[in-house]
Amino acid sequence: MLTMKAVLGFVITHKRDDALKFSFCRGLFEFLFTNRPEPLLVTKTRSERQKRNRAFATEFLLPADALRERINTEYVGEEVVDDLAAEFGVSTYVVEHQLQNHRIAKTVPL
């Protein structure tokens, strides 16, 4: 029986803190939910696997329920999106994505 000592390591090339955290959480998903002893890649592809790790990272860093607690209007401006991104340490894209996908609010430019 062949046994391997598991070694967990991540190689992340992002320099911005928000992008680094997002990539780390995507990798965490792969580590937690994949049982294969092979390198697990986080890429820009649109495969179902990559979609799942993006969704996990988004919800892990910015839970939709937390947004619902903070927003009670149909529309939010860029300033609100910026403030939420800063509060949760994510990019504005992640905030906009959660707002849209969970139908919490629509974003409008100032």
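Is Phe-29 buried or exposed, and what is its relative accessible area? In this predicted model, Phe-29 is buried, with a relative accessible area of 12%. The value falls under the 20% cut-off, so the residue is classed as buried.

Aromatic pairing was examined next. The count comes to four aromatic pairs. One of them joins Phe-29 and Phe-56. The partners come from distant parts of the chain. Phe-29 belongs to helix α1 (residues 17-33), whereas Phe-56 belongs to helix α2 (residues 48-61). A span of 27 residues separates them. Phe-56 is partly exposed, at 21% relative accessible area.

Phe-56 also pairs with Phe-33. Here the arrangement is edge-to-face, with 6.1 Å between centres and 70° between planes. Phe-33 lies in helix α1 and Phe-56 in helix α2, so this contact likewise ties together separate parts of the chain, 23 residues apart in sequence. Phe-33 counts as exposed, with a relative accessibility of 53%. That figure is over the 50% cut-off, which means that the exposed class applies.

The ring pairs extend to a cluster. Phe-29, Phe-33, Phe-56 and Phe-60 are its linked members. Among them, Phe-29 is buried, Phe-56 is partly exposed and Phe-33 is exposed.

Definitions and conventions: Residues numbered from 1 in each chain as written. Predicted model: local features only at pLDDT ≥ 70, side-chain atom pairs only at ≥ 80, totals over all residues. Heavy atoms only, no water. Phe/Tyr/Trp six-rings, centres within 6.5 Å; stacked < 30°, edge-to-face > 60°. Helix = DSSP H or I, 4+ residues; strand = E, 2+ residues; numbered from the N terminus. Buried < 20%, exposed > 50% of the residue type's maximum accessible area, 1.4 Å probe, protein only.
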